[in-house]
Amino acid sequence: MMILQGKIKFYNEQRGFGKIITPKDEEVFFHFTAFPRGTQHQIVEGLEVEYEVGIGQNGRPAAIKVWLIGQYQGQKGQRTNKQYFSDQVVQKGHERGGALKGQEIENIEYYLPEDTRKYVNIQTIDNYALRLNKTPYFSDGKFLFFRVKRKDASGVEVLPKFDNIPFENLILRQRNTQKKMGLAVKELSVKGNWRLVIGLGSASVYETSITLHGIYGFPYLPGSSLKGTVRSYIIQECFGGEEKGSQTAALRDEGFRAIFGGIADGDFKAIQGGIIFFDALPKEAPKVKTDIMNPHFGPYYSSSGDKPPTDYYNPVPVPFLVVEKTRYQIAIGITKEKNQVVKDGVFNGRWPLDVAEEYTLKVLEECGIGAKTAVGYGIMEKTD
């Protein structure tokens, strides 16, 4: 059996066939079933492959087995120090065709323990959190998920596929949990009107991060983040904002304590908050995009004060991941015993659940959630 190399010249995804172009400019037909199961979704024009020629179903020569570069070597048990994420290595300017090649690929590495690499086929990892955070690319002395070369507009970009995740079922499961807990629940369907940045500063092997679901790997809004955002907004809007003593005033307010809880303070006993903020789950496959921040004053911030904040420093592009125009399901709940009419304070005469719902929507529409809200990220609006 002779293993040859080439790259995908053409691929018709709807009909499931394509052609491989050889180094001698010869074309070899292939059907998508020639690729190992679980890797067919990675077929793109320009993808470099290894293949075995045989007789196809129509009796003509065809590539009857096709592997991504490095995968065949891996199947033979010959561990290599470099294996390539050909599936996730896409070329910037993809419309021109062609993935990374030559030295560019050689420069891309990833590092895993030998025993892990032996049993895990990296190519088949479909959990975005695992692929992004546990098998990162390493090149030019650092981990990266995005890079663009100015000269030929090529680069790498690690993007997910969430097509197989049953988002509706996950929301139904969350509703069933709320029902079993005996909660009164308010639901909000919201959609980002632009881009959302979640967990930008969390620990990561990259310079920036993104909050991903621990099981399914999709970006979501943790309930704790929602709760903190709404709590801060209510203090700002109802108890004097940044002024000294505003938080103390909030912690002594009956309605605020009924929603968020409070510590023991004088005549006030410690109380547990009644409102439960559930994780906000996407209602559809999140649209993950790569964005860039361009800090100009690196030398100024890293100096001890001897360098001025001027515009002649070179900008240092830092990529980060965002979620674009995606619908989320927000749910807040409270037990019927705790959802009692407030009898004093700022929210006198109102139900805690109604107050929490109102201010959750307000903060999302007016201020946004996540990072970089001051420049327009994280703003959301109510949808059906």
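Helices and strands are DSSP runs, of at least four residues (H or I) and at least two residues (E) respectively, numbered from the N terminus. In these terms, Thr-135 of the predicted model lies in the loop between α4 (128-134) and β6 (137-139). The relative accessible area of Thr-135 is 5%, and because buried means under 20% relative accessible area, Thr-135 is classed as buried. From this position in the loop, the side chain of Thr-135 reaches the backbone oxygen of Arg-131 at 2.8 Å.

For the chain as a whole, the secondary structure comes to 10 helices and 19 strands, and buried residues make up 44% of the 384 residues. The accessible surface comes to about 21100 Å², and 49% of this surface belongs to carbon and sulfur atoms. Among contacts between residues at least 6 apart in sequence, 64% join residues at least 24 apart.

The pLDDT averages 83 over the chain, with 84% of the residues scoring at least 70. Over residues 73-108, however, the pLDDT is below 50, although this stretch has 84 contacts in the model beyond near neighbours in sequence. Where pLDDT is low, the predicted coordinates should not be read in detail.

An open sheet of 3 strands is found in the order β11-β17-β16, with antiparallel pairing. Strands β11 and β16 stand at the edges of this sheet, and since each has a single partner strand, one side of each is left without a neighbour in the sheet. Between β11 (residues 195-196) and β17 the antiparallel pairing extends over 2 bridges, and Arg-195 stands opposite Glu-324 in β17. Between β16 (residues 288-293) and β17 the pairing, likewise antiparallel, extends over 6 bridges; here Thr-290 has Leu-321 of β17 as its bridge partner, while Met-293 stands opposite Val-318 in β17.

Strand β17 itself, which spans residues 318-324, is mostly covered, with 7 of its 7 residues buried. In a regular strand the side chains alternate between the two faces of the sheet. In β17, Val-318, Phe-320, Val-322 and Glu-324 point one way, whereas Pro-319, Leu-321 and Val-323 point the other way, and all of these residues are buried.

Terms used: Residues numbered from 1 in each chain as written. Predicted model: local features only at pLDDT ≥ 70, side-chain atom pairs only at ≥ 80, totals over all residues. Heavy atoms only, no water. Buried < 20%, exposed > 50% of the residue type's maximum accessible area, 1.4 Å probe, protein only. Polar contact = N/O pair within 3.5 Å; in protein donor to acceptor, adjacent residues only side chain to side chain. pLDDT = per-residue confidence, 0-100. Contact = heavy atoms within 4.5 Å. Pairing = 2+ DSSP bridges. Areas by Shrake-Rupley, 256 points an atom, 1.4 Å probe, with all protein chains shown as cover.
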